Amino acid sequence: MTSRRQCLDPEEIHRYGRHLLLPELGMEGQQRIKGTRVLLVGAGGLGSPAALYLAAAGIGHLTVVDFDVVDVTNLQRQVLHGTRDVGRLKVESARDRLRDLNPHVSVEIVPDRLDAGNALGLVSGHDLVLDGTDSFATRYLVSDACVLAGKPNVHASIYRFEGQATVLSTPDAPCYRCLYPSPPAPGEVPSCSEAGVLGVLPGLLGTIQATEALKLAAGIGEPLSGRLLLVDALSMRFRTMQVGRDPRCPACGTRTIRELREEAFACEAIPPGARVPEITPVELAERVARGDALTLLDVREPHEWEITRIPGARLAPLSRLGDELARLDPARELVVYCRSGVRSQEAGRRLVAAGFTRVFSLAGGILRYDAEFRLHG
Ligand SMILES: [Zn+2]
């Protein structure tokens with residue numbers, strides 16, 4: 001990404017003095033930062049610190065997209081908004097705060113939901129996108145629009161005490177679909193309002209997004225592309241793993257996705273009666289110890305498998321389960337597991353539909369197994 005350079009006026013030269021002192025950044029980098037247009041999707045937990053630091057750093061233009069209204073329970077982590085903003089549109093509260101922070105930044109607000117109709121136009125009009133959304137449907141939409149428009153997608157997500165960040169859709173980086181070919185099954189990943197989140201965690205990850213956006217804008221450093229940063233705030237461990245492009249990805253690989261469509265991300269509950277029987281971690285361990293003939297299938301994605309897995313399992317990502325069917329022995333019992341036990345239910349249903357009769361889903365997934373048997377990742 002090469003942004004245009006835009007001249008600084010004397011007041012800006014004074015304001016950004018600490019940046020200008022950095023030889024790697026200097027006047028040229030600051031002028032490029034001023035010449036950069038950023039699209040910020042979501043003015044919530046991730047978007048708050050990202051917007052504040054981008055504005056403070058003198059980004060030239062910031063468009064903030066959010067349809068939501070400030071609620072008092074947002075304030076535990078969405079530091080862009082204040083108590084007096086409760087009830088206001090988040091984009092309006094954001095605009096006022098950002099203008100106060102730095103009047104040199106042009107701020108545009110879009111009090112709307114990003115959808116298949118407006119995403120490509122919005123993304124195309126900017127140099128880079130910062131995805132601060134917590135909706136899977138929107139993440140796919142942002143990713144597909146970034147691939148189609150050829151724009152970097154600075155991505156992060158959070159869950160309870162954990163977060164991840166990466167720069168997607170640069171020429172050598174994967175897109176979101178490469179990492180997550182299919183949306184999680186309904187109910188698998190609860191939202192912040194259901195699962196809870198440590199308030200400072202989106203602050204940490206959103207600040208990492210702002211850092212990456214500024215590096216891209218200024219054209220300095222080594223971007224977090226082709227690498228996924230994993231943050232565990234409880235143990236305060238940071239790890240990075242290599243992530244690559246999937247040549248079969250319909251967005252950036254085969255390029256079969258040529259226009260935007262909203263991912264059908266069903267939120268309805270799994271119908272009762274459609275569940276495959278479950279096996280507990282203890283039952284599984286006992287049966288493995290007894291030497292029972294069973295096949296243990298891990299239906300998570302490869303990057304999850306690389307972090308930790310149950311010994312003796314084989315990888316068969318849910319997104320590619322169809323390819324695996326021919327390689328499975330129908331005479332053996334199948335035990336399927338995922339992260340928390342929801343995707344494995346979906347995999348189990350597909351296996352049953354494909355004619356496998358003895359299929360079990362590991363209750364609570366690898367999370368519960370790990371809690372009971374302490375895996376070493
Ligand atoms: Zn892709």
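## Terms and basis

Buried denotes a relative accessible area under 20%, exposed over 50%, and partly exposed the range in between, with a 1.4 Å probe and protein chains only. The model is predicted, so local features need pLDDT of at least 70 and side-chain atom pairs count only at pLDDT 80 or more, while totals for chains, interfaces and linings use all residues. Residues are numbered from 1 along each chain as its sequence is written, and side-chain values use heavy atoms, with hydrogens and water left out.

## Salt bridges overall

The whole structure contains 26 salt bridges, each defined as a side-chain nitrogen of Lys or Arg within 4 Å of a carboxyl oxygen of Asp or Glu. Arg287, Arg290, Asp292, Glu333 and Arg358 are joined in a network of such bridges.

## Pairs local in sequence

Aspartate 96 and arginine 95 form a salt bridge whose closest N and O atoms are 3.5 Å apart. Aspartate 96 is partly exposed at 34% relative accessible area, and arginine 95 is partly exposed at 21%.

Glutamate 212 bridges to lysine 215 at 2.7 Å, N to O. Both residues belong to helix α10 (residues 200-218), 3 residues apart, about one turn of the helix; helices here are DSSP runs of H or I with at least four residues, and strands are E runs of at least two, numbered from the N terminus. Glutamate 212 and lysine 215 are both buried.

## A link between distant parts

Aspartate 323 and arginine 248 meet in a salt bridge of 3.3 Å, N to O. This pair connects distant parts of the chain, 75 residues apart: aspartate 323 lies in helix α13 (residues 321-324), and arginine 248 in the loop between β8 (237-242) and β9 (278-279). Aspartate 323 is partly exposed, with a relative accessible area of 43%.
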